[in-house]
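Colleague: I am new to this structure. Please give me a close look at one part of it, the place where two chains meet.

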Amino acid sequence: MKVIVAQKLLQANEEIAGENRHLLARHGVLTLNLISAPGAGKTTLLEKTIAALKEEMAIGVIEGDIYTTKDAERIASQQVEVVQINTHGACHLDAQMTQEALNALSLAQLDLLFIENVGNLVCPAEFDLGENYKVALLSITEGSDKPAKYPLVFHEAQAVILNKIDLLHHMDFDLETMLEQVKKIKEDLIVFPLSAKTSEGMGAWLQWLKSLVPKKKKLFATAW
Amino acid sequence: MHEAGLIMEALKTIQKSAVENNIQQVTKITLSVGRLTMALPKALSFAFRILSQGTMFGGAELEIEQKELCLECCTCGVNFSPADIDFTCPECGSALIKILEGHELHILSYEGEADKIEGNCCPEVAASK
């Protein structure tokens with residue numbers, strides 16, 4: 001007996017992601033799924049972003065990590081709500097894990113939620129978690145060829161953060177080539193070159209976040 | 001890693017369908033996989049062989065149809081298949097594109113033996129009910 005399924009392989013994941021998206025919209029929480037290679041600076045960026053914005057908006061974080069709670073501890077020291085997901089070997093977060101974390105957060109109080117995905121540029125691009133936007137983070141120490149090597153994550157993302165620009169003088173990173181490659185994958189992709197360490201360039205990124213949050217609250221007010 | 005996660009997701013979906021169709025043992029699965037997903041057929045097959053052991057998929061054949069990349073330019077509407085990772089339109093130079101093909105991770109079909117005796121399920125199927 002042959003059964004024609006003709007459905008997405010990640011159908012089960014996408015159904016749960018849809019539930020997550022609905023839940024987050026109901027509470028008016030703007031959700032960003034932060035994706036990068038290990039060591040690109042996701043946690044440092046979050047620490048700096050939270051420190052700059054936590055007086056203006058209520059921020060929550062879901063921390064994805066394979067085994068440890070090191071990143072979650074760093075974020076928790078900022079006095080914002082953090083939920084840790086340990087994937088126990090899995091190289092990405094999925095919608096089911098995210099849903100369990102969402103249930104542990106006080107969504108009604110939150111304006112902005114960051115999901116720090118497991119460090120990996122391949123798998124997280126495939127798994128919808130129910131976020132509003134994917135943000136890809138790339139550090140200049142990884143080399144300017146990464147958009148060409150991992151096109152899917154850059155195509156799926158709405159914004160790219162180019163981190164560690166304080167090291168530009170020490171590296172052979174070709175900023176023009178990288179920006180050209182990004183534009184070849186997605187013309188309207190927003191790029192934020194910055195250094196989370198020195199805060200250089202953080203302003204534009206923070207402004208972008210601030211511009212998204214009120215919009216979301218307005219949508220929330222009209223839709224519900 | 002990537003491929004193992006994908007196979008696990010596929011098996012979850014197929015198992016659900018198989019239970020609904022009263023199928024006890026799956027003998028063949030056909031997937032469609034796009035080039036952009038970076039999922040390697042050999043790694044998918046390896047993950048399938050390992051993950052299917054001792055389940056309703058044990059010993060089943062996995063067929064993978066690979067899909068090349070096909071894009072549509074949102075500016076001028078032309079369809080094209082880039083050889084390299086350059087998504088700019090060869091006609092008008094715009095990189096505002098829609099992916100038509102090449103991003104698939106689809107389960108096309110599966111084949112299996114229907115359970116002839118009502119209520120006589122293998123343990124895996126019974127456990128998932």
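At what angle do the axes of helix H1 of chain A and helix H1 of chain B cross?

Modeller: This is a predicted model, in which local features need pLDDT of at least 70, side-chain atom pairs count only at pLDDT 80 or more, and totals for chains, interfaces and linings use all residues. Residues are numbered from 1 along each chain as its sequence is written, and chains are lettered from A and ligands numbered from 1 in the order in which they are written.

The axes of H1(A) (residues 11–26) and H1(B) (residues 2–20) cross at roughly 90 degrees and come within 8 Å. Axes are lines fitted to C-alpha atoms, for helices over the stretch in contact, and angles run from 0 to 180 degrees between N-to-C directions. Helices are DSSP runs of H or I with at least four residues, strands are runs of E with at least two, and both are numbered from the N terminus. H1(A) and H1(B) are therefore roughly perpendicular (65 to 115 degrees).

Gln11(A), Ala12(A) and Asn13(A) meet Glu9(B), Lys12(B) and Thr13(B) in this contact (C-beta atoms, placed from the backbone, within 7 Å).

Now the wider interface. 28 residues of chain A are in contact with 32 residues of chain B. On the side of chain A, S1(A) gives the most, with seven residues.

S1(A) also runs antiparallel to strand S6 (residues 105–114) of chain B, joined by five bridges. Lys2(A) stands opposite Glu111(B) there.

Methods: Angles under 35 degrees count as roughly parallel, over 145 as roughly antiparallel, 65 to 115 as roughly perpendicular and the rest as oblique. Two residues are in contact if their C-beta atoms, placed from the backbone, lie within 7 Å. Two strands pair if DSSP finds at least two bridges between them.
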